[in-house]
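Grab a pencil and keep the viewer open while you work. Each exercise below comes with a solution that goes step by step.

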Amino acid sequence: MFNLPLDHLVPSHIQRFEPYQPSRPDRELMRMFGVDHLYRLNNNENVLGPPPAARRVIEHFDPVQWPIYPSGDCFYLRQALAERFGKSPDQFLVGNGSCEVITSVIKAFCEKGDNIVTADKTFAVYEWVAEFSGLEARLVPLRRFAFDPQAMLDAADERTKIFFVCNPNNPTGTYWDSATFRGFLEAVGNRRIVVIDEAYFEYVARDDYPDGMALMNDYPNVVVFRTFSKMYALAALRVGYLCAAAEVVDIIRRAHVVYSVNALAQAAAVAAMEDDAGFIAATRDMVAGARALLGAEFENAGLEHVSGEGNFMMVRLPVSDTLFYRKMAARGILVRTMTGFRFPGWIRVSLVTRPVMEAFCRAFREAMTA
């Protein structure tokens, strides 16, 4: 008989928290839906795979290194990031994906009674980490699918420690331009941390798109997140990092677990940045072509859709998004239902190669009429 007094042991904010349920492995999904293939358009992965140099590192990773612990603070990767972005290695902190550095920032700056401010329809991990840490997450509605700077300022109080701004936003692809961001940072002042999540930074080629690492030269309270999971196609290895003033990083490091990034991931991430211009250009071209194809498809169908920056777009369906997910999965296509993002009736679709996008369009038409 199970007689552990969990009500006594577990904090109330943990008892209230509803855990996220990850998708089952592809093999299980294929068995469930009776298909012999799956096109993964649900997680914004780069189907081109890692850049050539990173691919070589992965393929030839020396077995002699398997029993050896990795560099606990990602020494060589931080050196490479510093060289790439013209900063000090002490300004970088690397984690097991961006989710780990989100956790580290919140733990470093927040205590009981504090709150964070972000949008209600954005990357959900900011909200989740705050809530299962016993903190309040103040969620501000988007305005025309974008973060609303004045509403975020209005939501803050004396216990607000961190603003989280996803730029461009996942899942809408909208972004604050340089003038908007500088105006927000001026209004915030230097008494709160402003996190700029740039997970899709390398996908954006707009002249007015701000570089968070440049903004931090004028605003020392800025912390920038980036990742090797999206453009660099190393999602399976889980490498994310933050960049901030060295004094800020020193504080965050105190709440950060060392040795969390494995040796293969560190080596592949270093290699991914070598001679990557052609790879980034090819990926952007692929995404642009896919965006045009799907945009026309949704226009022809008379469906509202949102297409900003990043390698994804959203479309609003006349049916349940969860029902439509099952219809598409039965045709070998995985899409992301958006009810969990507080966009009920919408799906998000990753933008990949033309043959796969054409397969999506055929399945989409069938599912819409089935």
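Predicted model: local features only at pLDDT ≥ 70, side-chain atom pairs only at ≥ 80, totals over all residues.

**Exercise 1.** Is D114 buried or exposed, and which residues does it contact beyond its neighbours within four places in sequence?

Solution. 
- Step 1: Locate D114 in the loop between α6 (98-109) and β3.
- Step 2: Compare its area with the cut-off. Buried means under 20% relative accessible area, and D114 has 2%, so it is buried.
- Step 3: List the contacts. Leaving out neighbours within four places in sequence, D114 is in contact with F109, L135, E136, R159 and K161.
- Step 4: D114 and A244 are 130 residues apart in sequence, and their C-alpha atoms are separated by 22 Å.

**Exercise 2.** What span should helix α13 have at 1.5 Å a residue, and what separates its end C-alpha atoms?

Solution. 
- Step 1: Note that α13 covers residues 277-300, which is 24 residues.
- Step 2: Work out the expected span. The rule is 1.5 Å times one less than the number of residues, so α13 should span 34 Å.
- Step 3: Compare with the model. The end C-alpha atoms of α13 are 35 Å apart, which agrees.
- Step 4: Now see which side chains are covered. The buried residues of α13 include F279, I280, M286, L293 and F298, and R291 and E297 are also among them.
- Step 5: Ask what these buried residues pack against. You'll find β9 (305-306), β10 (312-316), β13 (346-350) and α15 (354-369).
- Step 6: Step just past the end of α13, where G302 takes a positive phi of about 70°.

**Exercise 3.** In what order do the 4 strands of the open sheet with β9 lie, and which are its edge strands?

Solution. 
- Step 1: Read across the sheet. The order is β9-β10-β13-β12, with antiparallel pairing.
- Step 2: Pick out the strands that pair on one side only. These edge strands are β9 and β12 (336-337).
- Step 3: Zoom in on β9 and β10, which are antiparallel and joined by 2 bridges. One partner to spot is V315 in β10, which is bridged to H305.

**Exercise 4.** Which residues of β2 point one way, and which the other?

Solution. 
- Step 1: Go to strand β2, residues 92-95.
- Step 2: Sort the residues. F92 and V94 point one way, L93 and G95 point the other way, and all of them are buried.
- Step 3: Find the neighbouring strand. β2 pairs with β8 (residues 240-243) in the antiparallel sense, over 4 bridges. Within that pairing, G95 has G240 as its bridge partner.

**Exercise 5.** What is the relative accessible area of A359, and which residues does it touch when those up to four places away in sequence are not counted?

Solution. 
- Step 1: Look for A359 in helix α15.
- Step 2: Use the cut-off again. With a relative accessible area of 12%, A359 is buried.
- Step 3: Leave out residues up to four places away in sequence, and A359 touches Y39 and I333.
- Step 4: G332 is 27 residues from A359 in sequence and 9.2 Å away in space.

**Exercise 6.** What is the phi of N44, what is the phi of R238, and what omega does the bond between N167 and P168 have?

Solution. 
- Step 1: Most residues other than glycine have a negative phi, and most peptide bonds are trans.
- Step 2: Check N44, in the loop between β1 (39-40) and α4 (52-59). Its phi is positive, near 55°, and N44 is buried, at 1% relative accessible area.
- Step 3: Check R238, in the loop between β7 (222-227) and β8. Its phi is positive too, about 60°, but R238 is partly exposed at 30% relative accessibility.
- Step 4: Finish with the peptide bond joining N167 and P168, which is cis with omega about 5°. P168 sits in the loop between β5 (160-166) and α9 (178-188).

Terms used. Residues numbered from 1 in each chain as written. Heavy atoms only, no water. Buried < 20%, exposed > 50% of the residue type's maximum accessible area, 1.4 Å probe, protein only. Contact = heavy atoms within 4.5 Å. Pairing = 2+ DSSP bridges.
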